Amino acid sequence: MDPIVATFIEENIVPNFNYWIYVILMMIGLYAMITKNNLIKKLIGMAIFQTAIILFYVSVGVKDTAGIPIISHHGSEHHQMAGLSSEAGSTKEIHNKIDKDKYANPLPHVLMLTAIVVGVSTLGLALAISQKIYKSFGTLEEDEILNELRPGGHD
Amino acid sequence: MKIFGLIAVLVVGALLLSATSDFPDWRDKDSPANKSPVSSFYIEKTEKLTKVPNMVTAVLADYRGYDTMFETVVIFIAGIGIIAVLRNFDGPYSSSIRRENNDEGSGLLARITCSLILPFIQIFALYVVAHGHHSPGGGFQGGVMLGASYILLALAFGLSKAKGYFSERRTMIFAAVGIFIYAGWGVLCLLFGKEFLNYSVLDSLLPGDVEMARSHSMLIVEIGVAFTVTAIMFSMYSNLSTRGRLNKGL
Amino acid sequence: MTEHFPVLILLVPLFGALIVVLLGRERPDQCWVTSLISLGISSLISFFTVIAVLSGKVQELRYRMGGWPESEGYEIGIELRVDILAALVVFAVTLIGFVNTIYSKTRAEAEVQGKVPFFYALMQLLIVGLCGIVMTNDAFNLYVLIEITSLTSYALIAMGNRRAALSSFNYVIMGTIGASFYLIGVGYLYIKTGTLNIDDIHMVLGQKNSWADQSIIVAFIFIMLGVWTKMAFFPLHGWLPNAYAYAPSMTGTFMAPLMTKVMVYVMIRVMLWLFGYKFVYSGQYIWGELIIWMSVLAIVAGSLLALARTDIKKMLTYLIVAEVGYMVGGAWLGNVTGQAGAFYHILSDAAMTFCLFIAASIIVLRVGDSRVNAFDGLFRKMPLTMIGFTVGALSMIGLPPTCGFFSKWYLISGGIEAGQWEYVCALIFSSLVNAVIFFRIFERAYFGKISGVKEDHFPTDSDANPDIRIKEVPWSMLIPLFLASGTVLLLGIMNRSLFEWIQTALKMMNA
Amino acid sequence: MTEFSFIPLFTWIVSLLAVPMILLFRKRPDAREGVTFLAAFMKLGMIFMMLPLIREGKILHFKFGEILPGIPIEFRVDGLGMLFALVASSLWILTTLYSIGYMRGLKEHDQTRFFCCFAISLSATIGVAFAGNLLTLYIFYEILSLSTYPLVTHHGDKEARSGGRTYLSHLLGTSVAFVLPAMIYCYLKKGGDINFTDGSLLTTNIDAGAGLIVLLAFTFGFAKNGLMPFHSWLPNAMVAPTPVSALLHAVAVVKVGVFCVIRVFTGVFGIELLEKLDIAVVVSWIAAFTVITSSLMALSQDNLKRRLAFSTIGQLSYIILGVSLLSDFGVTGSILHVAMHAFGKITLFFCAGAIYVAMHKKYVSELVGIGRKMPITMTAFAIGSLSVIGLPVTGGLVSKWYLVMGTAQSEQIALLVVFLISSILNACYFLPIVYRAFFCRPEESLYEGGRQEAPLACLIPLCITALLSVISFFNPSLFIELAELIIK
């Protein structure tokens with residue numbers, strides 16, 4: 001492989017691998033939204049588009065060493081508590097010892113929960129609207145709809 | 001159009017990619033987002049302040065509870081929006097649900113299987129709602145499962161049967177009540193003299209101390225979310241699958 | 001009590017919407033009353049908020065949701081921030097919502113048969129969303145609220161005829177792209193700063209001095225693109241005209257004045273609070289000049305497209321496109337006069353668009369024809385409606401003492417101050433085109449004979465004779481029209497004090 | 001010097017208050033016209049109340065609240081404004097009388113609307129005359145354009161509508177396109193206000209290029225002054241009923257245009273600044289071009305009112321030319337010409353209307369021998385013509401005398417020639433009418449019957465205006481005095 005390309009991949013793509021994937025996914029979705037003729041295909045593009053953004057956000061919160069952002073007090077902490085109990089340690093100290101590198105950043109997850117919900121709602125509503133369009137135009141192809149409109153409706 | 005779209009997409013993609021060059025590396029624990037005091041606060045203080053080990057739930061229902069309330073409203077809007085767009089109320093209210101003879105749902109095998117697993121799905125859904133504090137889960141997830149159970153019911157036994165449990169009017173009431181619970185709980189905090197959704201002030205009302213008040217309040221708002229989500233999921237299905245006629249399922 | 005005002009403004013219509021849904025389809029009248037009361041209370045509270053913010057005791061209201069304090073200088077929860085600008089816009093939003101509810105009394109029943117509660121619920125939720133957008137100080141919360149307004153407007157528009165459904169679908173696509181672009185921008189800011197609070201993002205960017213970072217610039221571009229799509233800035237305006245023209249009339253009347261204006265407000269706030277004066281106007285990037293030229297293009301194109309329309313509502317919607325150009329250009333001039341002018345124009349444009357849309361809806365309703373010839377002879381037939389229309393139209397043209405003149409004055413002042421002559425010329429050009437458009441209508445209304453309306457518009461109407469049918473509408477529709485046109489005049493008369501408040505607030509933001 | 005007074009406000013508002021009264025009495029024409037008269041006399045009376053104060057050199061002002069930062073709606077009465085208001089309001093009385101005769105004589109429709117709009121436009125004219133700052137001036141200027149539109153299009157037929165369209169598009173278009181930005185530029189340049197003061201509004205920190213642009217923007221922007229190339233609204237607006245043409249297009253509207261230009265020259269720039277920047281000569285030559293061209297165009301017009309309209313265009317440019325000479329005599333001459341031309345031209349219009357009412361004749365070619373049928377009218381017409389040409393014994397000579405002296409004073413001999421040529425052209429298009437009216441053999445149709453003058457209500461005003469023209473030749477001191485207040 002060309003060394004320039006190799007260094008480019010090594011320096012740019014590999015460390016930001018997720019971001020590249022997200023951008024490519026998003027471009028696929030956006031392309032479908034802009035150019036597809038079928039309304040449902042547009043909506044599929046929209047779903048891909050929104051999913052790409054979710055991928056991006058979740059990638060932000062990932063840490064090398066971390067697991068899910070739920071504090072596991074059944075494992076190590078119980079041991080600590082047993083060890084500390086003789087020294088009359090309070091729960092406060094225990095909590096201070098939470099190693100934040102052990103837990104993924106929770107905020108992006110929360111945000112994406114919202115984004116998922118928004119995505120579902122938008123998709124549902126858009127499907128309803130396309131059903132209404134189908135009911136009144138008898139087709140979901142954009143050009144056919146526009147053709148039907150041309151002679152009848154003014155403007 | 002295609003060429004134009006392609007160019008636009010490529011420009012957008014190139015712009016977005018050009019920005020990644022000065023991003024912190026992926027999985028970097030010291031990136032600004034992961035190291036920021038906000039994130040640290042959530043990770044380190046959540047259990048102390050709210051007694052909820054699942055940080056996502058805590059952030060969702062407490063720190064950013066205001067967001068989540070609107071998230072529920074979004075679901076609600078989608079539900080009533082679909083009805084507003086699709087439904088066609090030409091006759092009186094009750095007659096709009098027409099029973100049709102061929103609305104029998106699926107075959108026998110499917111029906112029996114469904115009737116066997118439905119209770120488990122519903123119980124699990126309730127578990128997910130209730131156990132959101134300690135494990136992945138919460139109102140949205142549980143609500144979707146609960147809604148799915150009714151959808152399954154409709155698939156197996158026909159929509160009219162499912163509507164017997166969950167009529168259109170009832171879905172609307174459930175959906176509205178869910179947000180009522182959420183926002184009303186926040187207003188309760190207002191009435192106690194603190195900010196909207198400041199659960200800490202409710203410790204006199206709920207068992208336990210201030211932290212437990214937060215924890216319990218989160219459960220309550222999650223239940224509210226679950227109400228809305230369940231109702232709207234089913235409503236979405238029943239409207240979309242019948243083009244708003246609500247006569248016969250898929 | 002004052003400190004709770006911001007959240008109460010939101011909660012009252014939210015509960016109103018829930019009650020309306022619970023009331024159900026059997027009681028449309030109660031739905032109307034509920035909506036009227038809730039929006040009335042909400043606008044009262046927002047009025048008191050304006051007074052509270054102005055009174056000097058509180059310069060701005062900050063409201064921490066859930067009472068979470070800041071930690072190490074960062075906001076943990078979501079914060080509302082209401083300064084005078086936000087208070088004014090919120091007041092405008094709730095007031096227009098309230099007045100539009102009066103207007104919709106008879107129309108809702110007629111246009112969305114049987115779905116009245118859903119209409120009122122969606123309308124109130126849209127108001128909630130808009131107020132939330134204006135007040136929130138959290139970048140992600142802003143996204144959620146933008147989606148709330150978008151979803152409600154998709155549904156509200158799609159409640160109309162089949163054309164409305166089609167345009168609503170286009171709006172879904174464009175709106176989703178816009179909102180997602182905004183979300184991407186926020187994500188890029190988050191990845192660089194680790195916070196979502198608008199003030200904190202600004203603070204962190206300042207501390208790290210990462211203004212020149214590629215990702216920040218891209219974030220800015222995408223946030224702007226997103227907001228522009230939502231406000232129908234010229235090349236991205238495609239969804240707007242059909243959506244507002246074909247929507248049910250009582251939907252169009254309040255979405256047209258509110259949606260784009262609130263997004264303009266968001267743009268100004270993103271520019272000044274989130275990124276700050278230095279970054280946006282530094283002159284180090286080409287966008288300053290470029291966007292002024294884009295706004296010139298928007299103004300010219302919007303005006304010309306409006307001129308080419310014969311359909312009244314379509315024409316008005318293209319005028320909105322031109323007006324958006326005014327405001328974007330004004331905000332980008334880079335001086336306080338221009339920004340304040342753009343902001344003043346938010347208020348005045350909301351008032352006059354509202355006025356014109358109500359008048360146009362009334363006329364289309366009565367005449368049964370949405371083309372310009374609907375206006376033939378209307379000065380004699382519907383003098384009251386035409387008075388309302390005239391006030392709005394004069395304001396659109398920019399004649400004193402209507403508010404349109406003063407906003408144009410401030411915008412032109414800003415343009416001259418900044419030396420952007422192309423913008424000044426575009427403003428004047430658009431005034432002239434508006435004059436042509438509206439005087440064409442006045443001439444018809446003044447001299448024209450009432451045209452015989454084609455039978456097929458009213459196949460079942462017993463009084464198809466236009467002489468009988470074309471008469472003034474009930475008071476429930478005229479009162480909103482007069483409130484709107486009165487506001488147009490009032491804003492014009494009050495412009496000096498308004499402008500001073502706005503200017504002071506903006507100066508603080510620019511500092 | 002500057003004195004606070006309510007009289008300017010009352011003067012302005014009195015004709016506005018007449019509007020609801022006129023509407024109230026719409027079913028009783030006599031009462032309606034009575035109200036108009038009452039308002040007109042009260043207005044003139046109040047102007048006469050102010051006159052002695054102004055002659056003492058005082059300036060009266062009245063201020064409403066500020067509507068823009070630093071810019072109130074303000075009335076400020078000085079010599080120039082006084083002179084203009086005096087002319088406009090005295091002629092309003094005569095026009096009212098005349099229009100009663102004219103409108104009733106022709107049984108016109110919508111007379112109430114006519115008198116309402118008339119009253120509003122008079123109010124606006126006074127507003128312009130008394131305007132204390134550019135914005136007030138601008139606002140009343142626009143109100144005048146709008147309120148005269150229904151008058152211009154009074155007949156409501158296709159021709160009237162197209163005339164009205166030209167009228168409004170020219171006047172509104174130019175004022176929005178040119179005046180508004182120029183005004184805002186001055187506002188910014190001055191640093192927060194555009195009030196007229198004794199000195200000039202713009203300070204010396206403006207360079208010649210920008211100054212020229214602003215000057216031209218104002219001069220063209222006030223298109224009511226009929227300067228080419230924005231003159232075509234004037235002939236087109238002649239579709240209006242004659243009293244409208246008379247008052248508005250010989251007196252109020254067009255004079256408002258030149259009045260605004262004089263204000264810009266003397267109040268906004270100031271003669272000194274213009275001398276320093278040396279830019280007024282551009283305006284001079286545009287005006288000179290207009291003078292000659294319009295006179296030539298007038299020659300070819302057969303429609304009497306159109307001929308008068310082109311004559312007006314030329315005469316207006318005299319005024320602009322005079323003020324752009326920047327010499328004392330030139331400016332005085334300009335201001336004088338506002339009054340003198342008003343008397344002369346309104347006489348001519350009244351005559352044209354009287355001829356139309358009595359004989360239904362519109363074209364110059366039809367007027368052969370009409371002097372025998374309508375001797376009084378045609379005598380007045382002759383006096384009016386003399387005044388417009390600038391021959392004795394009419395006031396026109398006085399102002400033209402000053403103008404010509406102005407050219408000499410500023411050593412613009414070429415412009416002197418322009419004045420002379422144009423005077424000859426004026427004579428060419430007016431005197432033949434008079435000559436043929438009196439001395440040529442009339443057409444067959446004109447033999448029938450004896451004298452056939454217009455109704456008395458038409459006749460009296462035109463006699464008075466003709467008389468005023470003559471009086472102002474013998475006693476122009478009042479006008480000169482007022483004009484010189486500006487020079488000081």
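Author: Start with burial. A residue is buried if 20 or more other C-beta atoms lie within 10 Å of its own, exposed if 12 or fewer, and partly exposed in between, with C-beta atoms placed from the backbone. By that count, 63% of the 488 residues of chain D are buried. This is a predicted model: local features need pLDDT of at least 70, side-chain atom pairs count only at pLDDT 80 or more, and totals for chains, interfaces and linings use all residues. Residues are numbered from 1 along each chain as its sequence is written, while chains are lettered from A and ligands numbered from 1 in the order in which they are written.

Reader: What share of the 511 residues in chain C is buried?

Author: For chain C, buried residues make up 69%.

Reader: How do I read the overall form of a chain?

Author: Take chain D. A compact globule of 488 residues would have a radius of gyration near 23 Å, and the 21 Å of chain D agrees. Its C-alpha trace spans about 70 × 55 × 45 Å along the principal axes.

Reader: How many helices and strands does chain C have?

Author: Helices (H or I, at least four residues) and strands (E, at least two) are DSSP runs, numbered from the N terminus. Chain C has 20 helices and 2 strands. Its radius of gyration is 22 Å, close to the 24 Å that the globule rule gives for 511 residues, so chain C is as compact as a globular protein of that length. Chain D has 19 helices and 3 strands.

Reader: In which sense do β1 and β2 of chain C pair?

Author: Two strands pair if DSSP finds at least two bridges between them. Here strand β1 (residues 61-64) and β2 of chain C pair in the antiparallel sense over 4 bridges. C:Arg64 has C:Glu79, in β2(C), as its bridge partner. Now look along β2 (residues 79-82) of chain C. C:Glu79 and C:Arg81 point one way, C:Leu80 and C:Val82 the other way, and all are buried.

Reader: Which pair of chains has the most contacts?

Author: Two residues are in contact if their C-beta atoms, placed from the backbone, lie within 7 Å. Of the 4 pairs of chains that touch, chains B and C have the most contacts. There, 50 residues of chain B are in contact with 55 residues of chain C. On the chain B side, α5(B) gives the most, with 14 residues. For classes, Ala, Val, Leu, Ile, Met, Phe, Trp, Tyr, Cys and Pro count as nonpolar, Asp, Glu, Lys and Arg as charged, and the others, Gly among them, as polar. The side of chain B that touches chain C has 32 nonpolar, 9 polar and 9 charged residues.

Reader: How far apart are the closest C-alpha atoms of chains B and D?

Author: They lie 38 Å apart, and no contact joins chain B and chain D. Chain A and chain D do not touch either, with their nearest C-alpha atoms 27 Å apart.

Reader: Which domains does the assignment give for chain D?

Author: Domain bounds come from an automatic or database domain assignment. For chain D, that assignment gives domain 1 (1-271) and domain 2 (279-488). Their C-alpha centres lie 22 Å apart. In chain D, 49 residues of domain 1 are in contact with 49 residues of domain 2. The domain 1 side of this contact divides into 31 nonpolar, 15 polar and 3 charged residues.

Reader: What is a nonpolar core?

Author: It is a set of buried Ala, Val, Leu, Ile, Met, Phe, Trp, Tyr and Cys residues joined through C-beta atoms within 7 Å. In soluble globular proteins, nonpolar side chains tend to be buried together. The largest nonpolar core here has 548 residues, and C:Leu122 and D:Leu83 have the most contacts inside it. This core draws at least three residues from each of domain 1 and domain 2 of chain D. Leaving aside neighbours within four places in sequence, D:Leu83 is in contact with residues including D:Ile335, D:Val338 and D:Phe479.

Reader: Is A:Ile48 buried or partly exposed?

Author: A:Ile48 is partly exposed, with 18 other C-beta atoms within 10 Å. This residue is found in helix α3 (residues 39-60) of chain A. A:Ile48 and A:Met26 are 22 residues apart in sequence and 6.7 Å apart in space, C-alpha to C-alpha.

Notes:
The radius of gyration is taken over C-alpha atoms; the globule rule is 2.2 Å times the number of residues to the power 0.38.
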